[in-house]
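Here are my notes for a colleague opening this structure for the first time. Please keep the view open while reading them.

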Amino acid sequence: MSLLLNEIGNGIFLGAFFGLVALGYSMVYGILRLINFAHGDFYMVAAFVSYTILGAVAVGNSHGQWLTVLWVGVVVMVITGGLAMLANQLVYRPMRRAAILSLMIAAIGLSQVLENGVLVTPQWGATYLVFPVTTPPSGFNLGSNHYTWAQLIIVLVSGLLALGVYFLVGRTLLGKAMRAVSEDRIAAVLMGINVDLVIAIVFFIGGALAGAAAVMTGVYYGQINYLMGFTVGLEAFTAAVLGGIGNIGGAVLGGLILGIVQSIGTGIFGAEWAIVVAFGALVLMLWFRPTGLLGERVARRM
Amino acid sequence: MIKTNFKARVLTSGLLVATMLTVVAGAASGPASAAKKLSPYLVGVPMPMTGAEAQAGTQIFNAELMAAQQVNKHGGVLGHPIKLLEQDDACDAGTAVNAANKLVSENVQAIVGGYCSGATLPVEPIIARAGIPYVMPAANSPELTTGGYKNVFLIDPSGSGDGAEAAAFFKQQGIKKVFIIDDQSSFGVAIANAAAQDITKDGGTVVAGGVQSIPATSNDFSAVISQIKSSGATGIYWSGYFSQAAQFATQLNAANVIGPNGTAKFVVADGSVDATYISGAGQAANGTYATIAALASGVGNVLNSRADHLFNAAYHKQFKSAPGPYSTFGYDAITALVLAARHVHSIKPARVIAGLRTLHFNGLTGKVSFDKTGNRLGAVMDLLEVVNGQYTLAKPQPKL
């Protein structure tokens with residue numbers, strides 16, 4: 001029983017990352033019906049950018065330095081948001097009238113460009129890079145499990161960011177415009193909404209969230225690699241579908257469920273079954289509820 | 001700003017490829033053309049040059065390059081200058097097969113490469129059909145020499161020794177409950193199973209219902225750590241590679257399983273012996289153990305012999321970085337090939353294979369000779385302990 005509770009705790013932590021990255025997937029899908037396969041690579045690029053900035057500003061290889069990590073995190077969020085916006089401008093916007101399949105192929109291409117771009121950049125490259133700042137091992141006990149303060153902070157920060165997005169989309173005028181564009185792009189134009197700007201902002205927010213997740217991954221796990229975006233992208237995409245792609249709350253819920261299912265799967269069946277259990281859950285979910293947990297009318301055009 | 005950056009990246013990638021080609025070509029043809037004008041001796045080198053294992057791959061390739069340059073400076077192989085043809089196997093079975101086919105189609109006369117066993121196993125039949133010698137500097141899964149291929153030679157002693165050494169250590173420490181986990185790679189699985197057998201034979205138990213596996217892409221071990229805690233294991237054995245080992249150790253330390261507040265001992269196999277393990281795990285690396293062939297541990301940080309010192313200095317001078325734990329194996333792999341060819345006075349592949357079979361020489365990694373299956377003879381294992389961020393010989397060494 002205590003193993004089960006511990007694995008739920010581990011799963012929530014894991015799910016915080018999935019949810020944050022899944023939000024970006026879900027928002028872009030919601031507004032463009034595009035599965036942005038390059039999203040995981042925005043996250044990867046963000047990890048490398050924060051590696052370089054932290055390497056330049058952090059004092060020695062020490063633990064903590066919370067304030068430095070905080071402002072670097074904010075800077076990286078802006079940079080990654082900008083990168084996502086630029087990707088939209090250069091790749092997706094010129095293709096707006098193209099078939100959705102062409103856009104998806106373009107997304108895969110963009111993903112390759114980003115991965116190989118990092119690969120050939122001096123100081124980055126193909127090796128595992130050790131992050132200049134890591135989180136201290138001190139923390140607290142809950143049940144028989146030991147959690148670090150960093151884990152708690154990461155879950156809280158993820159929760160706050162997700163809440164922020166939730167309010168932005170649900171309660172502000174900008175959010176209303178986003179929902180309008182998602183509902184009917186042509187009608188939105190006729191109502192005087194600057195559709196291109198709204199789409200650009202959605203990309204910015206998705207990228208910024210991926211950037212935050214990347215900085216937290218770097219300081220917590222301590223190592224980054226140019227292929228790290230692929231796995232995270234796949235898991236976040238699964239989380240987004242599980243929760244109902246296009247739905248803000250669904251992305252976070254899907255992330256948490258995916259994290260918990262994976263952890264419990266490891267605890268009961270062993271680590272080699274974690275992914276089988278997670279994707280098994282996804283298949284079951286799609287069987288009984290093709291739109292995902294909180295999804296509404298989707299699954300067209302797929 | 002980022003737009004120009006993209007262009008810059010494309011440009012750098014082009015330049016990088018160009019410089020790499022000149023380095024390789026220049027290395028092989030430059031000094032030797034001064035010696036004699038015979039056709040080059042083409043040696044294919046499949047190594048991980050991208051991906052998680054790229055660092056180790058590069059460190060081995062660099063050492064092979066050094067060895068080839070040395071040989072070429074002294075007249076080449078029977079007058080033929082060595083030319084290394086590098087191919088990226090990305091530590092991936094599919095990529096490795098393509099790389100091997102490409103090298104064979106370029107008519108290489110020998111293959112000297114292989115770090116990841118998973119990328120080496122599927123290549124064995126291709127190289128065997130080509131009938132050319134296949135000298136592996138660092139791949140050492142026990143499965144590699146069970147295929148009955150006559151052309152395979154392992155410079156790094158078979159990994160089954162890792163499992164036996166780890167079992168002996170757990171026995172010495174009085175540890176009965178051991179949690180074993182691999183990374184689902186060919187190398188990791190083979191070593192984990194070997195260790196499980198030896199531990200059971202010594203009266204210990206492999207907890208959690210047997211050997212566990214985690215995908216090589218996973219960086220979160222929290223679920224596994226909860227499993228370890230509930231199983232009551234006091235010994236943990238990791239048979240995968242160094243990048244995951246560093247994350248595993250860090251998280252075990254943070255969870256108070258190992259380290260100052262923990263009671264368990266963490267042991268890793270030789271795939272995790274790397275400077276990146278220590279820098280990645282930081283404080284958490286201290287007090288952890290590793291098993292590795294005695295010959296291999298002589299390099300890098302511990303037990304430096306005079307020859308190793310010279311090698312390290314030369315490597316540092318040429319590549320502006322420190323050699324890796326398997327660099328000397330790469331050097332010895334080329335040396336073995338060259339000595340075998342000189343011994344039989346021929347660079348014909350079949351003759352060189354025969355030459356390797358009867359070869360005896362003292363390399364940077366100690367005495368080199370092979371048994372009938374191509375395994376390195378006389379392998380002795382060392383147990384290393386990380387103390388203050390350095391690999392040291394653990395005292396006392398466990399008795400096998």
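This is a predicted model: local features need pLDDT of at least 70, side-chain atom pairs count only at pLDDT 80 or more; totals for chains, interfaces and linings use all residues.

1. Along its principal axes, the C-alpha trace of chain A spans about 55 × 45 × 35 Å.

2. Next, the make-up of chain A. It has eleven helices and four strands. Of its 302 residues, 53% count as buried. Take the contacts in chain A with a separation of 6 or more: residues 24 or more positions apart account for 76% of them.

3. One helix pair in chain A deserves a look. Helix α9 (residues 228–243) and helix α10 (residues 248–269) of chain A pack at an angle of about 115 degrees. Their axes are 7 Å apart. The crossing of α9(A) and α10(A) is right-handed.

4. Which residues of α9(A) and α10(A) meet? From α9(A) come E235(A), T238(A), A239(A), A240(A), L242(A) and G243(A). From α10(A) come G250(A), A251(A), L253(A), G254(A), G255(A), I257(A) and L258(A). By class, this contact has seven nonpolar, five polar and one charged residues.

5. Now chain B. Its secondary structure comes to 13 helices and 15 strands. Of the 400 residues of chain B, 59% count as buried. Among its contacts between residues at least 6 apart in sequence, 71% join residues at least 24 apart.

6. Chain B holds an open sheet of five strands. The order is β2-β1-β3-β4-β5, and the pairing is parallel. Which strands form the edges? They are β2 (82–88) and β5 (152–154) of chain B, each of which pairs on one side only. With direction ignored, neighbouring strands of this sheet are turned by 20 degrees against each other on average.

7. Two helices pack on this sheet. Helix α2 (residues 54–73) of chain B touches β1, β2 and β3 of chain B. The direction of α2(B) makes about 170 degrees with that of β2(B). Helix α3 (residues 93–105) of chain B also touches β1, β2 and β3 of chain B. For α3(B), the angle with the direction of β2(B) is about 150 degrees.

8. Inside the sheet, look at β1 (residues 41–47) and β3 (residues 110–112) of chain B. These strands run parallel and are joined by two bridges. G44(B) has I111(B) in β3(B) as its bridge partner.

9. Stay with α3 of chain B for one residue. G94(B) is found in this helix. Is G94(B) buried or exposed? It is exposed, because a residue counts as exposed with 12 or fewer other C-beta atoms within 10 Å, and G94(B) has 11. G94(B) and V123(B) are 29 residues apart along the chain, and their C-alpha atoms are separated by 9.4 Å.

10. Strand β9 (residues 235–238) of chain B is covered on both faces. G235(B) and Y237(B) lie on one side, I236(B) and W238(B) on the other, and all are buried. Four bridges join β9(B) to β6 (residues 177–182) of chain B, and the two run parallel. Here I180(B) has Y237(B) as its bridge partner. Four bridges also join β9(B) to β10 (residues 265–268) of chain B, again parallel. There, I236(B) is partnered by F266(B).

11. Finally, the two chains together. In all, 40 residues of chain B are in contact with 37 residues of chain A. Elements of chain B that each supply at least two residues include α1 (2–35), α2 and α8 (242–254). The most comes from α7(B), with seven residues. By class, the side of chain B that touches chain A has 14 nonpolar, 23 polar and three charged residues.

12. The axes of α10(A) and α7(B) come within 8 Å and cross at roughly 35 degrees. This crossing is right-handed. Q262(A), S263(A), T266(A) and G267(A) meet S222(B), A223(B), V224(B), S226(B) and Q227(B).

Note on methods:
Residues are numbered from 1 along each chain as its sequence is written. Chains are lettered from A and ligands numbered from 1 in the order in which they are written. Two strands pair if DSSP finds at least two bridges between them. Axes are lines fitted to C-alpha atoms, for helices over the stretch in contact, and angles run from 0 to 180 degrees between N-to-C directions. Two residues are in contact if their C-beta atoms, placed from the backbone, lie within 7 Å. A crossing is left-handed if the near helix is turned anticlockwise from the far one by less than a right angle, and right-handed if clockwise. Ala, Val, Leu, Ile, Met, Phe, Trp, Tyr, Cys and Pro count as nonpolar, Asp, Glu, Lys and Arg as charged, and the others, Gly among them, as polar. A residue is buried if 20 or more other C-beta atoms lie within 10 Å of its own, exposed if 12 or fewer, and partly exposed in between; C-beta atoms are placed from the backbone.
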